[in-house]
Amino acid sequence: MIIELCIIAAKAFLVLFMVLNLAGILGWIERKGSALIQDRIGANRASVLGFAGLGLVNTLIADPIKFLTKEDFVPPQGDRLLHTLAPCLALFPALVTFAVIPFGDVLILGDRVINLQVANLNVGILYIFAMASLSVYGIVIGAWASNNKFSLLGGVRGSAQMISYEIAMGLSVIGILMVYGTLELQEIARAQGALLWGWLPAWGIFLQPVAFLLFFTAAVAETKRIPFDLPEAEPEIVAGYHVEYSGGKFLMFFAGEFAEIVTAAGLITTLFFGGWQVPFLMRDGFHFPWGGSVHLPHLAVVALQVGAFTLKVIFFCWLQILLRWTLPRFRYDQVMRLGWKMLLPLALVNVMATAVVVVTLQNL
Amino acid sequence: MTGAMILFLILAGLSIASSLLVIFQRNVVHSAVSLVATLFFIAILFVTLDAPMVGILQVLVYAGAIMVLFLFVIMLLHPGVLERRGVLWWGLGAVGAMLLIFELVPLLSESSWRAADQAPITGSFGSPEMLAQSLFTDFVLPFEIASVLLLVAILGAVVLAKREI
Amino acid sequence: MVPLNYYLVLSAVIFAVGVAGVIIRRNIIVILMSIELMLNAVNLSFIAFARSLGSMEGQAIVFFVMTVAAAEAVVGLAIIISVFRHRQTLDPQEMQLLKW
């Protein structure tokens with residue numbers, strides 16, 4: 001009993017550690033990566049003993065110190081309790097969502113089989129949507145508690161955008177659920193190990209390409225990244241609902257946004273790109289379709305799977321950062337039109353088409 | 001005092017406390033946030049009662065969508081003045097609530113309903129599959145009527161809240 | 001193993017808190033929120049009974065109660081918005097035009 005709790009605690013600690021570290025490193029990748037994309041040098045002034053470390057010292061040491069030592073104020077007419085509560089409400093869903101994302105198959109230690117997923121809920125992906133719908137509260141309450149018209153405008157826009165794209169996100173995943181027949185993410189990841197026509201891994205991107213595009217767009221809109229970041233844009237509405245936040249509270253909002261990037265990348269990986277699956281890798285080694293096979297010890301297989309998952313997540317985080325510094329931002333009415341008039345009907349058509357195909361193939 | 005009992009007592013205490021905060025706060029936004037907390041604790045109680053699907057739906061629909069709507073309306077209407085308090089009403093309300101509690105609690109503490117785990121259940125009780133089976137076979141007619149009801153509610157709300165018809 | 005009547009008593013207490021909220025408060029949005037509290041208390045006792053009797057019907061009923069509560073909250077809030085536009089108040093004592 002105690003051992004079970006220790007294992008779960010270790011898994012939870014590992015996942016939180018990975019998410020928070022990745023969120024911090026993403027801040028650095030954002031600054032230096034954006035500099036690379038925009039053909040400039042980026043932050044390189046802060047240095048320790050003359051060692052500037054490609055901007056690492058600046059982003060990972062100087063920035064947090066700056067944030068945490070700033071004055072923590074509440075706007076004079078603003079609501080003190082809600083102003084302090086809002087960043088917590090924004091950060092909490094971003095961190096707990098990763099609990100159901102599997103980062104490996106199973107780890108067999110002696111006679112104990114450990115499922116490499118913090119919590120194996122039978123409602124699986126609905127838990128992620130529930131937590132995503134809770135993340136609207138950070139925006140709404142933060143906007144209200146700041147007692148500032150720009151803040152309120154940014155907050156209302158942001159929350160309307162988030163609840164609109166939640167619908168598109170949910171509907172686009174229904175196609176995946178129908179194809180793999182389960183809500184649990186570990187089962188979906190395992191089912192993507194099957195081979196179509198003997199050589200193509202049954203990843204979600206091959207079975208549901210339209211759903212991938214819809215989900216990716218909706219996930220980027222949910223996390224309010226460019227091109228959908230009008231609620232928090234600097235030149236448009238003075239940073240929207242962030243404007244009255246400084247210091248540690250702003251760091252929490254910031255960290256929450258990067259944690260949401262990692263979560264979105266983790267979800268896209270699990271649903272559409274096989275999660276921890278390496279093509280042709282089974283539990284005992286590689287089994288190539290042309291006949292060859294390489295036998296690998298169990299720990300090597302687990303390491304390969306966890307490594308593959310991490311690489312895919314990092315790739316999708318990088319893709320979202322690349323997207324940020326490449327595309328201009330949408331106008332707000334364009335955002336709403338895209339969500340309601342283009343993504344939602346497309347998602348519904350995708351659901352119907354997938355249903356027809358699945359039923360036809362079952363009856364053949 | 002098993003773990004389940006401790007968990008239940010903690011959750012019960014938290015949900016009663018936050019529901020009392022709902023009716024006692026003067027600031028409406030604080031009441032709404034307390035209601036969100038109450039709904040969240042009740043959803044956790046659902047999960048402990050082997051109803052994970054309904055618990056997650058409670059968070060997704062109730063705490064995640066309906067309460068956001070409440071908050072939007074509160075912010076839109078922006079009641080500037082905190083409401084007056086009447087001693088008469090507070091007295092009547094407290095008396096009414098106390099009467100209700102003193103009537104219901106002895107009635108519900110009948111010893112003939114003892115354990116909540118009386119009926120043997122399968123491992124998949126409360127899972128999405130079981131709920132879907134129940135909804136789409138026994139309750140398919142209410143299901144369809146509920147979707148028509150939601151459509152009617154959407155149309156009604158849009159028409160009622162428009163500025164000019 | 002928590003006895004069933006503990007859940008029913010909790011449900012009754014939350015229901016009573018909701019009733020008190022409807023009687024006491026003079027802000028119509030808070031009254032609507034107290035009605036939601038009452039609905040949730042009833043949902044809790046439905047789920048407790050569903051678990052106790054081993055039947056999924058209780059959970060299906062809660063699903064429908066949630067749906068109806070959503071529809072009712074939406075329409076109620078729309079009515080409140082349109083009354084606010086005319087009366088500029090959220091106090092239910094002021095909305096007594098039909099009182100004879």
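## Two domains in chain B

In this predicted model, the C-alpha centres of domain 1 and domain 2 of chain B lie 22 Å apart. Domain 1 of chain B covers residues 1-79, and domain 2 of chain B covers 123-165.

The two domains touch. Contact involves 4 residues of domain 1 of chain B and 5 residues of domain 2 of chain B. On the domain 1 side, 3 of the residues are nonpolar, 1 is charged and none is polar.

## Chain B against chain C

Here 75 residues of chain B are in contact with 62 residues of chain C. Six helices of chain B each supply at least two residues to the side that touches chain C: α1 (3-24), α2 (28-48), α3 (52-77), α4 (87-108), α5 (128-138) and α6 (140-161). The largest share comes from α4(B), with 12 residues.

By class, the side of chain B that touches chain C holds 56 nonpolar, 13 polar and 6 charged residues.

## Chain A against chain B

Chain A puts 19 residues in contact with 16 residues of chain B. On the chain A side, α4 (125-134), α5 (136-145) and α6 (149-180) each give at least two residues. Helix α4(A) provides the largest share, 6 residues.

The residues of chain A that touch chain B split into 15 nonpolar, 3 polar and 1 charged.

## The largest nonpolar core

The largest nonpolar core has 172 residues. Within this core, A:I268, B:A32, B:M67 and C:I29 touch the most other members. Helix α3(B) gives the core its largest share, 15 residues. Both domain 1 (1-79) and domain 2 (123-165) of chain B contribute residues, so the core lies between them.

## Helix α11 of chain A and helix α9

Two helix pairs in chain A involve α11(A). One is α9 (residues 209-222) with α11 (residues 248-272), whose axes are 10 Å apart and cross at an angle of about 170 degrees. At that angle, α9(A) and α11(A) are therefore roughly antiparallel to each other.

From α9(A), the contact uses A:F212, A:F215, A:F216 and A:A219. They meet A:A264, A:L267, A:I268 and A:F272 of α11(A). This contact has 8 nonpolar residues, with no polar and no charged ones.

## Helix α11 of chain A and helix α2

The other pair joins α11(A) to α2 (residues 56-68) of chain A. Their axes lie 7 Å apart, at an angle of about 130 degrees. Helices α2(A) and α11(A) are therefore oblique to each other.

A:P64, A:F67 and A:L68 in α2(A) meet A:G248, A:F250 and A:L251 in α11(A). By class, the contact of α2(A) with α11(A) has 5 nonpolar residues, 1 polar residue and no charged residue.

Conventions. Residues are numbered from 1 along each chain as its sequence is written. Chains are lettered from A and ligands numbered from 1 in the order in which they are written. This is a predicted model: local features need pLDDT of at least 70, side-chain atom pairs count only at pLDDT 80 or more; totals for chains, interfaces and linings use all residues. Axes are lines fitted to C-alpha atoms, for helices over the stretch in contact, and angles run from 0 to 180 degrees between N-to-C directions. Helices (H or I, at least four residues) and strands (E, at least two) are DSSP runs, numbered from the N terminus. Angles under 35 degrees count as roughly parallel, over 145 as roughly antiparallel, 65 to 115 as roughly perpendicular and the rest as oblique. Two residues are in contact if their C-beta atoms, placed from the backbone, lie within 7 Å. Ala, Val, Leu, Ile, Met, Phe, Trp, Tyr, Cys and Pro count as nonpolar, Asp, Glu, Lys and Arg as charged, and the others, Gly among them, as polar. Domain bounds come from an automatic or database domain assignment. A nonpolar core is a set of buried Ala, Val, Leu, Ile, Met, Phe, Trp, Tyr and Cys residues joined through C-beta atoms within 7 Å. A residue is buried if 20 or more other C-beta atoms lie within 10 Å of its own, exposed if 12 or fewer, and partly exposed in between; C-beta atoms are placed from the backbone.
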